[in-house]
Amino acid sequence: MTTDDHRAGAPLCLVTGATGYIGGRLVPELLAAGYRVRCLARSPERLRDHPWAGRAEAVRGDVTDAESVTRAMEGVDVAYYLVHALGSGRDFEDTDRRAARIFGEAARAAGVRRVVYLGGLTPAGVPERELSPHLRSRAEVGRILLDCGVPTTVLRAAVVIGSGSVSFEMLRHLTERLPVMVTPSWVHTRIQPVAVRDVLRWLVGSAGMPADVSRAFDIGGPDVLTYREMMMRYAAVAGLPRRLVLPVPVLTPGLSSHWVGLVTPVPASIARPLTESLRHEVVCREHDIARYVPDPPGHPIGFDEAVRLALRRVRDAQVATRWSSASVPGAPSDPLPTDPDWAGGSLYTDLRELPVDASREALWRVIEGIGGENGWYSFPLAWAVRGWLDRLVGGVGLRRGRRDAARLRVGESLDFWRVEEIEPGRLLRLRAEMRLPGLAWLEMCAETDDDGRTRYRQRAVFHPHGLLGHLYWWSVSPFHAVVFGGMARNIARTAGAGATGRTSGSRARVPRRTLSRLLRSSAR
């Protein structure tokens, strides 16, 4: 009997917000726990790139459209409400209120067994009217769902730590880009952050709560920190120098949001409600969720470990998930294809594509023969200077060459690169091992277009570490047209020159005189 056969009689979960940060990670967790999953999305086609897309049902609809919600609720046992109208305009509170009522009424009418909602942790002793609109709306949505007539679990979290989450990306970019920070007074507000892995664990566990449980639960990690302490500990985990934080009380939430929008890739329209929420202390008042979803050893995850896990995904897995099948698809902390453009951190890219007057096989021979004595097909002096500079700061420089003049293996060194991936005849990916304020990759591909013509595609990617990393990319980018542009043109020309007058079985050896002429032309 197949897994699908076993799952046929399993409870059906409806997940709203599957194109968002939490929802996109919850779906595979529910599938792994044995549930069937139906996703309600305004644009179901946005779900097709997820690894789990073929195992979950996707229906078109909107939580503000009662008819589509009613259809989606048919046969559902557990309904997850993971949407909010944050950033949709001034009337987002009205939109949240209307959508929650529609969802609750449809759940009751369909006989849904449980509703699960992820909301925001609210400060103790603060009247609701004094809360930020963001927190106030989250609290109101929770009350509406608790009153809908269906047993409901409301999980209330503060700052969620996971690569790609808006709170984590704001924290990460502020800390990495600013060694010295002039900050608003809310950096002294106490917060109880929570790891995304624990949030997902509690969301999945909530589906099995007894029918007589209908209440809100505070969820958080074991650490209570000020935002300043979070930045300092982030810097320590990330291996950054200690940050200097200078609070300025006169910075209003509006000015704070523009400051965050300037320094980080998080839009000011999203940053403002988040910074407004940081005015009040948000600390858990209980941990009753453990009665129904017991904590396994090592959980809840501490702040430092949550940051370490997130950074590992950002610095290693993110680029790998875009380029390589060697990653672990669907891990809870991985950035996903549907996350916002700024999720997962900054990546600078230089992309070059050219037609090639040669066979794909001929182009591949030139690609695989790159480096060492064959050189890098553009501005030799620039590559030599870069190698000398790397050696001056203790790096490997260009002295390592290559093991074989025509063949490469995964894992071996190639000048100041290391071969990270080879797909014979199609792709060569190199990872830089020179001293850099960040991580760098160079990818070269031999491809065939729809008309059967050969094309060369070259992509250089840089993942900066801290402000120095961004400054480095900006300082060298004016030279990319010469270095990377010349490289792409000369590889294409060399493949064409090597393909003429040769038999199909000859080796990829380009006459040195031809190669030298092409390299000189790239420097002009």
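Predicted model: local features only at pLDDT ≥ 70, side-chain atom pairs only at ≥ 80, totals over all residues.

Colleague: Which element gives the largest share of the lining of the second largest pocket?

Modeller: That is α14, with 5 residues. In total, 22 residues line this pocket, and R386, Y472, V476, H480 and F484 lie nearest its centre. Its volume is about 480 Å³.

Colleague: Thanks! May we step back to the whole chain? How many helices and strands are there?

Modeller: The chain has 17 helices and 19 strands. Of its 524 residues, 55% count as buried. Among contacts with a separation of 6 or more, 73% are between residues 24 or more positions apart.

Colleague: How should I read a nonpolar core? Which residues have the most contacts inside the largest one?

Modeller: Think of a core as a set of buried nonpolar residues joined through their side chains. The largest one in this model has 38 residues, and Y80 and L203 have the most contacts inside it. Elements that each supply at least two residues of this core include β1 (12-16), α2 (21-32), β4 (78-81) and α7 (196-206). Leaving aside residues up to four places away in sequence, Y80 touches L203 as well as C13, L14, V15 and F103, among others. A second, separate core has 37 residues, including V366, W376, A488 and A492.

Colleague: What about a residue in a loop? Is V76 buried or exposed?

Modeller: V76 is in the loop between α3 (66-72) and β4. V76 counts as buried because its relative accessible area is 3%, which is under the 20% cut-off. V76 and C13 are 63 residues apart in sequence, but their C-alpha atoms are 5.9 Å apart in space. Beyond its neighbours up to four places away in sequence, V76 touches L12, L14, R38, G111, V112 and R113.

Colleague: Now the charged pairs. How many salt bridges does the count come to?

Modeller: The count comes to 30 salt bridges. In one of them, E93 pairs with R136, and their closest N and O atoms are 3.2 Å apart. This pair links distant parts of the chain, since E93 is in helix α4 (residues 92-110) and R136 is in helix α5 (residues 133-146), 43 residues apart.

Colleague: Why does E93 count as buried?

Modeller: E93 counts as buried because its relative accessible area is 18%, and the limit is under 20%. Compare that with the salt bridge of R352 and D350, at 2.8 Å from N to O. There D350 is buried at 9%, while R352 is partly exposed at 22%.

Colleague: And are D451 and R453 buried or exposed?

Modeller: D451 is exposed, at 60% relative accessibility, and R453 is exposed too, at 52%. Their side chains meet in a salt bridge of 3.0 Å, N to O. Elsewhere, salt bridges with shared partners join R215, E286, D288 and R291 into one network.

Notes:
Residues numbered from 1 in each chain as written. Heavy atoms only, no water. Salt bridge = Lys/Arg side-chain N within 4 Å of Asp/Glu carboxyl O. Helix = DSSP H or I, 4+ residues; strand = E, 2+ residues; numbered from the N terminus. Buried < 20%, exposed > 50% of the residue type's maximum accessible area, 1.4 Å probe, protein only. 1 Å grid on protein atoms, 1.4 Å probe; cavity = no way out; pocket = protein on both sides within 12 Å on 5 of 7 lines; lining within 4 Å. Points joined across faces, edges and corners; volume = space filled by probe spheres on them. Core = buried A, V, L, I, M, F, W, Y, C linked by side-chain atoms within 4.5 Å. Contact = heavy atoms within 4.5 Å.
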